[in-house]
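Student: I have a model open in my viewer and I'd like to learn how to read its contacts. Can you walk me through it?

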Amino acid sequence: MGNKVLMKGTEAIGEAAMRANCQCFFGYPITPQTEVAAYMAKKMPALGRVFVQAESEIAAIHMVYGAAGTGVRCMTSSSSPGISLMSEGISYIAGAELPCLIVNIVRGGPGLGSIQAAQSDYFQATKGGGHGDYNMPVFAPSSVQEMIDLIQEAFDVADEYRTPCMIMGDGMLGQMMEPVEFLDRQPRKLPNKDWAATGLLGRKTHNVINSLFLAPEELEQHNTHLQEKYKIIKENEVRYELFDCDRENDLILVAYGTTSRICKNVIRSAEREGILLGLVRPITLWPFPTKAFEETVHHTRFGYLTVEMSAGQMVEDVQLAVNGRAPIGFYGRTGGMVPHPDDILATVKQMVHEGVQVWH
Amino acid sequence: MASQEIVFAGFGGQGILSMGKFLAYAGMDAHLNVSWLPSYGPEMRGGTANCHVILTDETIGSPVVTRATSLLVMNGPSLDKFEHTLVPGGLLILDSDLVNRTAARTDIEVLHIPAQTLAEQLGSKKAANMILLGALVKRTGIVSLEILLQSVHEHGKATFFEANKKAIEMGAGMIPQLTH
């Protein structure tokens, strides 16, 4: 444990990004992730890298668009209302096939909502917050250490597939401190960025980066290409954790991020009452780990209970994955309220003892 | 099994968050799993501050402390807000100079420490938090005083170290008289 340091989630985001060779950070302050920008403002210029506090989130994401077009690693970070503002730019970046990292430390919504932890941006992140047929890989860490690991991984995934990637945390992960270790990691073998707009450099033709295809035939062809790319990402980049799923369980919980940590506590207290629970923890929210349900659907007596800090946005993906083969219940809190382990356990008991499908 | 789930609570400016941080550092240095979660919501705007700290040799699930094994409070509103979160047999440490009532619960251990008065004897009211932290660490034994002092030395400001050390030792010194 000698190399461990105690770090706040938001600061760990900045440090991990810098270690992943992020050259540019563009952002606009918003609680609960302003410390990311503060950390970058302090550290990036000293390394000869770029930090810009933009005049708005819209400006910040378009600065990311421009920097990504030159092939450098770049990122922005915001929280829910800010990500809504950025969604137009994210659609452009996806359309122009540029790699970058977007961090969303989710707070309660809709509207200005609250500044407390929530998971109510699941639809926005996974179903396309902006317009057009696009997706982006969305990673949901559940600890500060995993935040660090996934940020480095997300930059690689972005470069490999020429796609924006999102890290989706919540206010609690952003604000809490945990011991972390920055381990040397083997980066992926990545393709050359021969598409980058860096000047002619002896070539005869310009590299053009654009998301505008006026001829419908061309745009359809572009969309077909994007869909093929998304198919490959779905095949290669799904991540999930199965916790206590190597046994015949009474019920399996489905949760990600902070909520999955609470569920792990619930699993232990349920055991003391003779109820066996497992946990499916999606680490990529898109692509959704459908495979995790293939592996578990025949090993749960009463099906699944999805637990979220939202009104049940992930449930739809669970339903698609389970496809009617098992009952699915839901327990959620909204507005920045964090589920209490006792309340989750009470819902578990309703499903297990009364055999009812619950929806709170 | 070594495990403590602690809530520190009081006014902003009393050093509530740093108290929790020093303990988290000490836990990390003692090879325990630790988490530190500050309040950052609207209650902070009202001038109160709290943090949840977990030190355990088991895996940490939620960083939110819902069943505190110890509660350290430096104002009345914090006692009102968190007293019910203590587990039966849990430890309540209160700054008796600032909290003008005792516990309503009878199933917990309560230590009244006049931390402001004691800190004044040391020359600075600002050391009150470290006196209470010394008492907490001594009473729970979750980490040794040596490790706590080492973490304060390593992660605190060098100019305050001697004062902090004296305060921690003074707080720890209160324990035998308070518990006998």
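**Reading the contacts**

Tutor: Start with the chains: the contact takes 19 residues from chain A and 16 residues from chain B. Two residues are in contact if their C-beta atoms, placed from the backbone, lie within 7 Å. This is a predicted model, where local features need pLDDT of at least 70, side-chain atom pairs count only at pLDDT 80 or more, and totals for chains, interfaces and linings use all residues. Residues are numbered from 1 along each chain as its sequence is written, while chains are lettered from A and ligands numbered from 1 in the order in which they are written.

Student: Which elements of chain A each supply at least two residues of the side that touches chain B?

Tutor: Helices (H or I, at least four residues) and strands (E, at least two) are DSSP runs, numbered from the N terminus. Here they are α7, β8 (177-180) and α9 (257-272) of chain A. α9(A) gives the most, with 4 residues.

Student: How do the residues of that side of chain A divide?

Tutor: Ala, Val, Leu, Ile, Met, Phe, Trp, Tyr, Cys and Pro count as nonpolar, Asp, Glu, Lys and Arg as charged, and the others, Gly among them, as polar. The side of chain A that touches chain B has 11 nonpolar, 4 polar and 4 charged.

Student: What about domains within chain A?

Tutor: Domain bounds come from an automatic or database domain assignment. For chain A it gives domain 1 (5-236) and domain 2 (241-354). Between these domains, 26 residues of domain 1 of chain A are in contact with 22 residues of domain 2 of chain A. The largest share of the domain 1 side, 4 residues, comes from α5(A).
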